[in-house]
Amino acid sequence: MTIQVFGHKSPDTDSTGSAIIWSWYLNEVKGEAAKPVLLGEPNTEAAFMLQRWGFEKPAIIADVEAEAPVVIVDTNNPAELPASINSADIRAIIDHHKLVGGLETKGPIDITVRPLACTATIMHDLMGDDAAKMPEAIKGAALTCILSDTLEFRSPTTTAHDRAVAEALAADLGLDIAAYAAEMFAAKSDVSAFSDAELIRMDSKEYEVDGTKFRVSVLETTAPEIPLGRIDSLIETFATVQAEDGVDQVLLFVVDILKEEATLLVPNDLVKTVAEKSFGVTASGTTVVLPGIMSRKKQIIPNLKV
């Protein structure tokens with residue numbers, strides 16, 4: 001059976017690109033039939049990557065069949081994976097997030113979880129000398145993933161190794177990193193066509209803090225005025241998303257890539273308390289600016305308090 005390679009729900013650039021990269025490696029280097037699939041529509045930056053490097057959009061799946069061989073990339077959290085994931089035949093996990101627990105495999109598997117900013121960086125390392133065989137499009141996908149997850153090296157998750165791999169890939173491709181990243185971020189920032197609910201779920205993960213279930217959403221943009229111009233309707237939509245997704249509260253952070261700061265929408269006293277306890281700010285009104293906050297994984301989630 002063909003191995004399905006996929007990342008998390010609400011697929012971002014790394015989740016989309018890494019599924020494509022590892023499928024190429026399994027097919028062309030390891031001789032194992034594999035295909036990338038997605039657990040939802042890719043975000044605008046991921047869609048840009050697909051178009052820029054000539055990839056067809058992978059098929060979107062709702063669930064996996066029992067015993068179907070799969071490789072999981074860019075997550076190890078069952079809440080971000082198909083409902084039937086534990087009935088599938090999980091062959092490998094490649095990730096850069098903390099271990100969550102809850103996945104069950106049919107036997108021993110290869111698990112690689114490394115403290116790097118991007119799954120694509122880990123894959124480049126796992127390939128070893130075979131990374132040199134990557135065609136231009138796969139190199140382009142890897143570069144896009146790294147620049148996305150590091151916010152062009154601005155994110156505190158960035159390591160010297162992520163940067164070195166990205167610079168080597170850009171050199172091979174003859175690309176100027178700053179110019180290419182600007183194209184990526186422009187695509188990411190073009191969210192005018194999305195509904196409020198789609199924006200909230202576009203780059204979003206569920207976390208529980210002291211019994212309170214949060215949907216923690218991040219919008220990374222070079223044009224924060226676009227989503228922030230929709231504050232009232234976004235806040236109104238929080239209640240709908242909370243009811244549909246079974247969470248107690250939405251936390252929406254609009255990350256200004258260029259200013260290197262986040263704006264948290266503050267719809268009620270609960271979020272006001274979260275902002276003040278978690279980030280040491282005084283919150284008033286419907287927004288609060290959080291200087292230097294760029295990373296959900298490293299700066300937002302670890303600091304959340306209620």
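Two residues are in contact when heavy atoms of each lie within 4.5 Å. Leaving aside neighbours within four places in sequence, Thr-237 is in contact with Asp-196, Ala-197 and Ile-200. Thr-237 belongs to helix α9 (residues 231–245); helices (H or I, at least four residues) and strands (E, at least two) are DSSP runs, numbered from the N terminus. With 15% relative accessibility, Thr-237 counts as buried, a word that stands for under 20% relative accessible area, while exposed means over 50% and partly exposed lies in between (1.4 Å probe, protein chains only).

The model is predicted: local features need pLDDT of at least 70, side-chain atom pairs count only at pLDDT 80 or more, and totals for chains, interfaces and linings use all residues. Residues are numbered from 1 along each chain as its sequence is written, and side-chain values use heavy atoms, with hydrogens and water left out.

**The sheet**

Strands of a sheet pair through backbone hydrogen bonds, either parallel or antiparallel. Here two strands are said to pair if DSSP finds at least two bridges between them. Five strands form an open sheet with mixed pairing, in the order β7-β8-β9-β10-β11. The edges are β7 (204–209) and β11 (287–291); each has a single partner strand, so one side of each is left without a neighbour in the sheet. From one strand to the next the twist averages 25 degrees, an angle taken between N-to-C directions on a scale from 0 to 180 degrees, with axes fitted as lines to C-alpha atoms (for helices over the stretch in contact).

| Strands | Sense | Bridges |
|---|---|---|
| β7 and β8 | antiparallel | six bridges |
| β8 and β9 | parallel | eight bridges |

On the β9 side, Val-218 has Phe-253 as its bridge partner, and Glu-220 stands opposite Val-255. Strand β8 is mostly covered, with nine of its ten residues buried.

**Aromatic rings**

A pair of aromatic rings is described by the distance of the centres and the angle of the planes. Rings of Phe, Tyr and Trp (its six-membered ring) pair if their centres lie within 6.5 Å; planes under 30 degrees apart count as stacked, over 60 as edge-to-face and the rest as tilted. The structure holds four aromatic pairs. In one of them, Trp-22 and Tyr-25 have ring centres 4.5 Å apart and planes at 40 degrees, so this pair is tilted. Both residues lie in helix α1 (residues 13–28), three residues apart, about one turn of the helix.

Phe-253 and Phe-279 form an edge-to-face pair, 6.0 Å centre to centre with 75 degrees between the planes. Phe-253 lies in strand β9 (residues 249–256) and Phe-279 in helix α10 (residues 269–279), so the pair ties together parts that are 26 residues apart in sequence. Phe-253 is buried at a relative accessible area of 0%, and Phe-279 is buried at 16%.

**The core**

A nonpolar core is a set of buried Ala, Val, Leu, Ile, Met, Phe, Trp, Tyr and Cys residues joined through side-chain atoms within 4.5 Å. The largest core has 72 residues, and those touching the most other members are Val-5, Ile-21, Trp-22, Val-216, Leu-251, Phe-253 and Leu-304. Not counting residues up to four places away in sequence, Leu-304 touches Val-209, Val-216, Leu-251, Val-274, Ser-278 and Phe-279.
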